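Work through the exercises below with the model open beside you. Try each task before reading its solution.

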Amino acid sequence: MKTLHLSYINFWVLFLYLTLSLSSVYGNVGNHTLFIKNDGSLWGMGSNSHGQLGNGNTTNLATPQVLIDANSSNPIIEITHGYNHSLFLRQDGSLWAMGMNNFGQLGDGTTTHRSTPVKIVDSDVVRISAGYFHSLYLKSNGSLWGMGSNTCGELGINLAGGSNTSYDSGIDQNSPVEIVSSGVAQMSGGRFFTLFVKIDGSLWGMGETHEGRLGQPWEGGSNDTFDSAYDKKVPVRILSSEVVEAEAGAQFSLIRKTDGSAWSFGSNWNGMLADGKITPNRIEPYRFLDANVTQISASWSFGSALLENGSLHMFGGNFSGQLGDGTTTDRNQTTEIISSGVTQVSVTSGHTTIIKNDGSVWTVGAGDFGQLGNGQSGGTHAGFDEGIDTKTFSQVVSSNATRLPNFHEYNKPNLSPDLNSTVNLEMIWVEPGTFTMGSPTSEAGRGTDETEHNVTVTKGFYLGKYEVTQAQYEAVMSGNGNSLNPTPSNWPNNPNRPVEKVSWDDAQTFLNRLNYQEAANLPLGWAYVLPTESQWEYACRAGTTTMYSWGDDINSTRANYNWDGNWNTGNDFKQTRDVGQYAANPWGFFDMHGNVWEWTADRYQATYPTDNPALDPTGPTSGSNRVVRGGPWGDEESKLRSARRGSDPTNRRVSGLGFRVGFQNTNQAPTDLNSTAPLTLAENQPIGSIVGEFNATDPDANATLTYSLVDGNGSTDNSLFTLDHLNLSSTPSLLVWLDGQDSSSIRSDSAGLVDL
């Protein structure tokens, strides 16, 4: 089945892009093993030639030993390693590095190897990844940073070349440089290339394109040095949506999609693409597992996939027994090695490490540097060495291991877009899901407009951790041309209190200005918006079914409201308070109950949709009032319930009325497009919005389809559009982008799909 997606972009040009998706972290090639224990201490074994174990010397270890002691107030929470260097992340967001530094990959401003950890970044780091000779980290605002080798453009900063054996001051970077300023969710460093995923699910890459590892056409050129005709010095988009994680190996890439399927592309000399072949290489991703994949790892010449049921599947090169199947035979298809109980996997140059659900650590494969932790080392380091290497997993630690290199909790990181030099906007990612909206008839204080019904939120979204504060509102609204007061609050000069006396119309002006201000940082099709009413309640409940997100009772320690029942007297605060003064709900949102009513996007209607479940409801298309949620400082407890609904005219400004910002893909796609029906595009959709999909069946498996578009009159001579596309042999999904500022219509002519 061939699929054509149509999407907006703010150019008078059409581009066609492959829409598949990908997985995470780096395919390490190091000969050392690291893991974190539950007390936050760092442990390891194996090669320590450049101090990559970080224990102050360069002596190899053949048994697991503590490298960095536990620190209960600031534990190590994440680790990664490259060829002979290692990085770790502490709970305070500080980044540390040790080991080989010949390309500046430690980022400390030198090329001096370090056998003890050196702090590179003080705070705000949320994810890390190590490539062969370069390092990457992600900050909380979604910016991607890197240091080290840039031989083939793997740092994406429009520099490449020089030596591929040592530091080149004009090309490589021995201090961190910003690669992408915002919108990145996850990244992975490979040998001389890098992959990263944006929050809209698109996949990007830079560096070496040799043998298809970036999913880009390649016909020649050199390997491991920059080739100007093929390699990429700046990020290029590889895939347009549905990417969950991306993992870069040495010369191949693995991907995981939102549906849990796993894909591969790039070099295939040991069968590491799991496509049943040994060569040829692939540019287009090959789907090698259909569903239920939760983690994928890629290394020098082999890979792994972990499924939801805890089963471990391995594939690719097996020269040291690293697949754990009892042989040294390469596998060009996935082979189940362990049927259950595995929670994490790390693959390196020639050995594999796993953690089981009891916290035990197991290893298999090459043991020449002591990396298996079984007390053995030595041998030839060339193929399987009897007595040193192993072909089946053996336990080396019995309990308390919690994390291997490159393992993340693969939810999207929080965002903190900067509003100015001192003010940012903290936002939390909300996964899609289904919940019961409304309240049971037995709930005290219930309104007649709260009928229970199931709602499915089909797309994830970001939502403000707090209400918009006075400082945030002023940062965006200062100098606005709408004659709106940037400091409208009833209690001004309290920067951390929620802004209030803001109408729905005022909130729209704020959002328009914010989107304009952040235009260069917005992923295609994404925008800052008010949450829908269902999104708001979904985030407020955070998986709970009680009256409030903490339970069925409420008191003055839970929220800011009129808890003593007296309007002008008594002990309640009788005004707003700084955001975050009360405990967060289970998903980390503050003040979903009390402080101020919060505007939502929906028009008010007294009856909910009758669909069960309702899919992404957005309220009626007409009506003068908009829904408000959460309850204010001056109302009684029943107004603060998760299901409580209020409504106000869009121009109302009172001291108990504010808002919270959402950030999401605001695409409005039509549901049907065929070869004869015209496609009418709604005006002013955000850049990158998908507006249609075309499906066509390829009558013979080895053929490819080419796509063309004609204008509404049937002419193929359309000066507004040009077409670029990839000829794909299996399940392509292609994006078409066009200018969305004016209403347009195009249709796909039946002759526009040609079987070659």
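This is a predicted model: local features need pLDDT of at least 70, side-chain atom pairs count only at pLDDT 80 or more; totals for chains, interfaces and linings use all residues.

**Exercise 1. Give the strand order and the pairing of the open sheet that contains S39, S38, S36 and S40.**

Solution. The order is S39-S38-S36-S40, and the pairing is mixed. Two strands pair if DSSP finds at least two bridges between them. Strands themselves are DSSP runs (E, at least two residues), and helices are runs of H or I with at least four; both are numbered from the N terminus.

Step one: find the edges. Strand S39 (646-649) and S40 each have a single partner strand, so one side of each is left without a neighbour in the sheet.

Step two: read the twist. From one strand to the next it averages 50 degrees.

Step three: look at one pair. Strand S36 (residues 597-603) and S40 run parallel and are joined by three bridges.

Residues are numbered from 1 along each chain as its sequence is written, and side-chain values use heavy atoms, with hydrogens and water left out.

**Exercise 2. Which residues of helix H1 (residues 470-477) are buried, and what covers them?**

Solution. Apply the cut-offs for relative accessible area: buried is under 20%, exposed is over 50%, and partly exposed lies in between (1.4 Å probe, protein chains only). The buried residues are Gln470, Gln472, Tyr473, Val476 and Met477. They span an arc of only 165 degrees around the axis, which puts them on the same side of H1. The arc is that of the directions from the helix axis to the C-beta atoms.

Next, the cover. It includes helix H2 (504-517) and strand S40 (657-659). Contact here means heavy atoms within 4.5 Å.

Finally, look past the helix end. Just after H1, Gly479 takes a positive phi of about 75 degrees.

**Exercise 3. At what angle do H1 and H2 pack, and which residues meet?**

Solution. Two packed helices are described by the angle between their axes and the distance between the axes. For H1 and H2 the angle is about 65 degrees, with the axes 9 Å apart. Axes are lines fitted to C-alpha atoms, for helices over the stretch in contact, and angles run from 0 to 180 degrees between N-to-C directions.

Then list the interface. From H1 come Gln472, Tyr473, Val476 and Met477; from H2 come Asp506, Thr509, Phe510, Arg513, Leu514 and Gln517.

Now zoom in on Met477. At 0% relative accessibility, Met477 counts as buried. Leaving aside neighbours within four places in sequence, Met477 is in contact with Leu484, Pro486, Asp506, Thr509, Phe510 and Arg513. Take Asp506: 29 residues separate Met477 and Asp506 along the chain, and their C-alpha atoms are 9.7 Å apart.

**Exercise 4. Where are Pro280 and Glu242 found, and what is the backbone geometry there?**

Solution. Start from the background. Most residues other than glycine have a negative phi, and most peptide bonds are trans.

- Thr279 and Pro280 are joined by a cis peptide bond, with omega about 0 degrees. Pro280 is in the loop between strand S20 (262-266) and strand S21 (282-289).
- Asn612 to Pro613 is also a cis peptide bond, with omega near 5 degrees. Pro613 sits in the loop between S36 and strand S37 (614-615).
- Glu242 is not a glycine, yet has a positive phi of about 70 degrees. Glu242 is in the loop between strand S17 (232-239) and strand S18 (243-248), and is partly exposed at 34% relative accessible area.
- Lys501, not a glycine either, has a positive phi of about 60 degrees. Lys501 lies in the loop between H1 and H2.
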